[in-house]
Amino acid sequence: MHDGELIPSAIVLSHEEQRERLRDGCPEAVPFSHVVGDPCMDQLHASAPFRDAYREALGVRAGQRLVLLTSTWGGRSLLGGGPAVVRRALAESPREEYRFIAAVHPNVWYGHGGWQLRSWLEPCVRAGLLLPPPATDAWKAAICAADAFVGDHGSLTLYAAAFGVPGLLAAFDTRSVAAGSPMERLGAALPRVSASRSLREQLAEAVERRTGDTGAGAVAGLVTSYPGEALARFRRLCYTTLGLSEPEEPVFPRPVELPAGRRPAHGSPVGEPLLVDTEVSGADGSRVTVRRYPAALQNGSGSHVRDAHLVAEEGEPDARWAGVADVFLARRGVPERLFARYPGCAVVAVPLAGESCAVHLRDGRVFTATWARASWWAGPGVAASAVYAWLSRERTGESRGGAADLLVDSGGAGVSLLVMRRAGEPAADLLGPDAAEPGVVPER
Amino acid sequence: MNPRRPSPTAGLPAQWLTVSPERTVLGVIHNVTSATRLLDLLSAFEGDLRVQTYFTCTDSSPFSGGIAEFCAERELPFIPWAEAEARSFDLAISTSRGGDLHKLSCPVIGSPHGAGYNKRLSREPGAGSREPGAGSRELLG
C-alpha cells in the first residue's frame, strides 16, 4: 500500500492460504492476487534427481553426512549474536563423518561486508565449513544435497523442511513471524537445539523423527498450491498483462546449477536431450556412425536426420522429451525405475568406469559396452547410441547375437567399442532404495 | 510494432538496434536477495525476442551492497531509477515492495522473494510505508 493506494497491479502469491490471510487483512487487494505457486520449490524438486551430483560438487564423500546451517539476517537469526552454533557443530563432529555448509542471507553479507563475514567465520571455514557466496544458487543445491539442517525463521529453513530434510532450530524469532503463516507452524513443529546435549545426537534424532513426523511435513503442503507450475502460471500472468500471445514452447522448472568449483563447463547437472542419428555400415554391420543433435532446436524432421532415436538423461526436466525418449542415460544403476516411469523408453544406459556403459533392455537383457581407447567424444552416451543402433539391426536379424566389436565414428576417427552380453542379471526391485529418498517428487 | 507505443528500446535510435522488440519489461531490483528471485522469474521470457527487459534499482534498501556487482556480472541492461520513472514500460516486475514503485506508470506485478509471506512486518527500514504492527497488511510486504 502507498498512501492507501494499492501499488501492484497484480500480487503474486504462492499458496491459496495466503489469499485467505490477505482477505482478512487487506480485502481490497484480493481481486489483484494471483496464486501461481512457488518457483523455488519447483526448482528444488526438478533438482532432486541430481542429489548425488550436488553432493559430489560440494565435496561430500561416500558415507559422510551433509548438514546445512541456514541463517536469515538480523539479531535474532541463527548467526545473530555470533556463530556459536556453527562453531559447536564443527567442534562436535568428526571431520570424516560430517560436512557442514552455511547458507547465509545476502543481507548479512552485504550488511557487514563479505570480507567481514568470512573473517568472522574463518576459524569455522578452516575447520571445513563451506561458505558459498551470496547471490548464487548454492543454497538450493545444498538443500537438495543435505541430510539434515540447523536453521531459524528464514525462508531457507522453510524450504529445507518442506523439501523433506530433517532438522532443528537454533534460533526462531517468533515476534517477526506472521500469525497463521507456514513459518509459524514450522516454529511450533521443529525441535530447538539444546545446549546441554550433543548436537550430533540431536541431529540423529531429527533424522529418525522425520519418518513419523507430521508437523514439518504439513508445512510442505503450504509452500505451493501448484507444484511444478509456478513459472508457467507466472508467465501466463505476464503475457496477459503485456497483451502478447505466450510462446509455444512450454516453460518448466529446471534443475539448479552445480555449485561452482567442481562443475563442468556447463553448470546444469542434466545434459540436453539429443536427437541421435546413426548409420550402420560395413559388410558385417559393425561400423556405426553416430551424429548427435540438440533435440530441443529441431524444427520438424530435417534431412540431416535419417535414422534417429532420442536420448535423454535421467532427471530431464522437459516432460515432452522425457516422455518420448528411446534411450535414457541413468544416473545410478537402477534401470527398472526408469523403465517403470517411462513406458516409451526401450533402453537404459548406466555409465560405468572408463566412459563405458551397461546397456539395459526392457526385456531384461544387459550388454556392456567398453571403449578400447579414450577419445574426447567416446563416452557412455555415444556408446549407448551405438549399441542401440547395433541392437536395432539385431532385431531385424541383420546382426550377430551376443557380442560385437563395433567401430564407432562420432567426433573423429573410429574407436573400437566392445559389446558383450552380460549373463544372469538379477531383477532389481522396482521400488528400489530411491523410493524413500527425501525430496523426490512423486509422479505428476 | 505498434507505433503508438514508445520505442521499446527508447534511448537507442532504432538504426543501432539488431532486434525490434514489441514490449518492454522492467525488472525492479531492491537488493541482491530480491534480485536473485527476480532473475528466476524472468526466465519466463527466455527465447522470446518480442520482449526486451531492462533493470533498475529502487535505491531504497539499506542492503544496497553488491547490487552494482550483481548487475555487472550478469550484464543486466541497467537504467537508473530516475530514468525508469520517466520512461514507459509495458510491465514492471518487482520481488520486493520497497521504494517508489507507485511512481512507475506501467502495471506492476509484485512477487515474494522468499518462501511466500511469513513476516509479520518488514523490519527493513525504507522497505515501504507500512506502519509497524499493521500485521494485517503483511501480505503486501
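In which helix of chain B does Arg37(B) lie? Arg37(B) belongs to helix α1 (residues 32-42) of chain B; helices here (H or I, at least four residues) and strands (E, at least two) are DSSP runs numbered from the N terminus.

This is a predicted model, in which local features need pLDDT of at least 70 and side-chain atom pairs count only at pLDDT 80 or more, while totals for chains, interfaces and linings use all residues. Residues are numbered from 1 along each chain as its sequence is written, chains are lettered from A and ligands numbered from 1 in the order in which they are written, and side-chain values use heavy atoms, with hydrogens and water left out.

**Arg37 of chain B**

Arg37(B) has a relative accessible area of 5% and therefore counts as buried, a class that means under 20% relative accessible area, with exposed over 50% and partly exposed in between (1.4 Å probe, protein chains only). Apart from neighbours within four places in sequence, Arg37(B) is in contact (heavy atoms within 4.5 Å) with residues of chain A, namely Asp38(A), Pro39(A), Cys40(A) and Tyr159(A), and with Thr95(B), Pro112(B), His113(B) and Gly114(B). Arg37(B) and His113(B) are 76 residues apart in sequence, yet their C-alpha atoms are 5.5 Å apart in space.

**The two chains**

Chain A contains 15 helices and 15 strands. Chain B has three helices and four strands, which follow the order β-α-β-α-α-β-β from the N terminus. The table sets out overall values for each chain; accessible areas come from the Shrake-Rupley method with a 1.4 Å probe, and for residues only the protein chains shown count as cover.

| Chain | Residues and buried share | Accessible surface and carbon and sulfur share |
|---|---|---|
| Chain A | 444 residues, 53% buried | about 19,600 Å², 52% from carbon and sulfur atoms |
| Chain B | 141 residues, 52% buried | about 6,200 Å², 51% from carbon and sulfur atoms |

In chain A, 60% of the contacts with a separation of 6 or more join residues 24 or more positions apart. For chain B, 60% of the contacts between residues at least 6 apart in sequence join residues at least 24 apart.

**Cores of chain A**

A nonpolar core is a set of buried Ala, Val, Leu, Ile, Met, Phe, Trp, Tyr and Cys residues joined through side-chain atoms within 4.5 Å. The largest one has 42 residues, and those with the most contacts inside it are Leu44(A), Tyr54(A), Leu68(A), Ile143(A), Tyr159(A), Phe163(A) and Leu186(A). At least two residues of this core come from each of several elements of chain A, including α2 (39-47), α3 (51-57), β3 (65-71) and α9 (182-189). Helix α7(A) provides the largest share, six residues. Beyond four places in sequence, the contacts of Tyr54(A) include Ala141(A), Cys144(A), Ala145(A), Pro255(A) and Leu258(A). A second, separate core has 33 residues, among them Val276(A), Ala369(A), Ala378(A) and Trp390(A).

Helix α1 (residues 16-25) of chain A has as its buried residues Glu17(A), Gln18(A), Arg19(A), Arg21(A), Leu22(A) and Gly25(A). These pack against β1 (10-13), β2 (33-35) and α9 of chain A.

**Aromatic rings and charges**

Rings of Phe, Tyr and Trp (its six-membered ring) pair if their centres lie within 6.5 Å; planes under 30 degrees apart count as stacked, over 60 as edge-to-face and the rest as tilted. The count comes to eight aromatic pairs over all chains. Phe367(A) and Trp390(A) form an edge-to-face pair, at 5.8 Å centre to centre and 85 degrees between the planes. This pair links strand β13 (residues 366-371) with helix α15 (residues 380-395) of chain A, its members being 23 residues apart. Both Phe367(A) and Trp390(A) are buried.

Tyr54(B) and Phe89(B) are also edge-to-face, at 6.2 Å centre to centre and 65 degrees between the planes. Tyr54(B) lies in strand β2 (residues 51-57) of chain B and Phe89(B) in the loop between α3 (81-86) and β3 of chain B, 35 residues apart. Tyr54(B) and Phe89(B) are both buried.

A charge sits over a ring if NZ of Lys or CZ of Arg is within 6 Å of the ring centre and within 35 degrees of the ring normal. Arg87(B) lies over the face of Tyr54(B), 4.8 Å from the ring centre, and Arg74(B) over that of Phe70(B), at 3.8 Å.

**Confidence in chain B**

The pLDDT is the predictor's confidence in each residue, from 0 to 100. Chain B has a mean pLDDT of 80, and 77% of its residues reach 70 or more. The pLDDT is below 50 over residues 1-7 of chain B, a stretch with seven contacts in the model beyond near neighbours in sequence. It is also below 50 over residues 122-141 of chain B, where the corresponding number of contacts is 49. Where pLDDT is low, the predicted coordinates should not be read in detail.
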